[in-house]
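Visitor: Could you take me through one part of this protein closely? I would like to see how the inside is put together, and then what sits around it.

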Amino acid sequence: MAKGTIRYWAAARQAAGVGEEPYDALTLAEALREARDRRDSDFGTVVARSSFLVDGHPVGSRAHEGVTLPEGGTIEVLPPFAGG
């Protein structure tokens with residue numbers, strides 16, 4: 001297991017109720033599942049529409065189960081942004 005930090009931005013922060021929290025997980029999928037299990041369905045909806053950075057690198061369309069988390073790393077949860 002790797003330990004690090006999940007940072008929430010904009011609507012994700014509001015849905016999470018915190019700006020950041022620790023993770024203790026092997027993969028991005030596991031870290032997000034654990035975060036969702038602690039919250040209501042609104043949080044899950046926001047996370048499902050979000051994009052992610054792991055240590056500043058975009059996850060893109062990669063399967064979250066295949067994104068290994070680094071020790072001391074940071075996951076950024078970026079919900080869709082409005083505007084034009």
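Guide: Let's start at leucine 69. In this predicted model, leucine 69 touches Ala2, Tyr23, Ala25, Leu26, Thr27, Leu28, Ala31, Val54 and Ile75, leaving aside residues up to four places away in sequence. Leucine 69 also belongs to the largest nonpolar core, a set of 21 residues, where Tyr8, Leu28, Phe52, Leu69 and Ile75 touch the most other members. At least two residues of this core come from each of strand 1 (2-8), helix 1 (11-16), strand 2 (20-25), helix 2, helix 3, strand 3 (51-54) and strand 5 (74-78). Helix 2 is the biggest contributor to the core, with four residues.

From the core we can follow tyrosine 8 to its aromatic partner. The count of aromatic pairs comes to one. The ring centres of tyrosine 8 and phenylalanine 43 are 5.6 Å apart and the planes stand at 75 degrees; an angle over 60 counts as edge-to-face, so that is what this pair is. The pair links distant parts of the chain, with tyrosine 8 in strand 1 and phenylalanine 43 in helix 3, 35 residues apart. Both tyrosine 8 and phenylalanine 43 are buried.

Now look at the face of phenylalanine 43: arginine 39 lies over it, at 4.9 Å from the ring centre. Arginine 39 itself is in the loop between helix 2 (28-37) and helix 3 (41-48). Not counting residues up to four places away in sequence, arginine 39 touches Tyr8, Ala15, Ala16, Val18 and Glu21. With glutamate 21 there is a polar contact, side chain to side chain, at 3.0 Å.

Alanine 63 has a relative accessible area of 46%; buried means under 20% and exposed over 50%, so alanine 63 counts as partly exposed.

Stepping back, the protein chain has three helices and five strands, in the order β-α-β-α-α-β-β-β from the N terminus. Of its 84 residues, 40% count as buried. Among contacts between residues at least 6 apart in sequence, 59% join residues at least 24 apart. The radius of gyration is 12 Å, which agrees with the value near 12 Å for a compact globule of 84 residues. Along the principal axes, the C-alpha atoms fill a box of roughly 35 × 30 × 20 Å.

Technical notes:
Residues are numbered from 1 along each chain as its sequence is written. This is a predicted model: local features need pLDDT of at least 70, side-chain atom pairs count only at pLDDT 80 or more; totals for chains, interfaces and linings use all residues. Side-chain values use heavy atoms; hydrogens and water are left out. A polar contact is a pair of N or O atoms within 3.5 Å; within protein, one must be able to donate a hydrogen and the other to accept it, and residues adjacent in sequence count only if both atoms are side-chain atoms. Contact means heavy atoms within 4.5 Å. A nonpolar core is a set of buried Ala, Val, Leu, Ile, Met, Phe, Trp, Tyr and Cys residues joined through side-chain atoms within 4.5 Å. Buried means under 20% relative accessible area, exposed over 50%, partly exposed in between (1.4 Å probe, protein chains only). Rings of Phe, Tyr and Trp (its six-membered ring) pair if their centres lie within 6.5 Å; planes under 30 degrees apart count as stacked, over 60 as edge-to-face and the rest as tilted. A charge sits over a ring if NZ of Lys or CZ of Arg is within 6 Å of the ring centre and within 35 degrees of the ring normal. The radius of gyration is taken over C-alpha atoms; the globule rule is 2.2 Å times the number of residues to the power 0.38.
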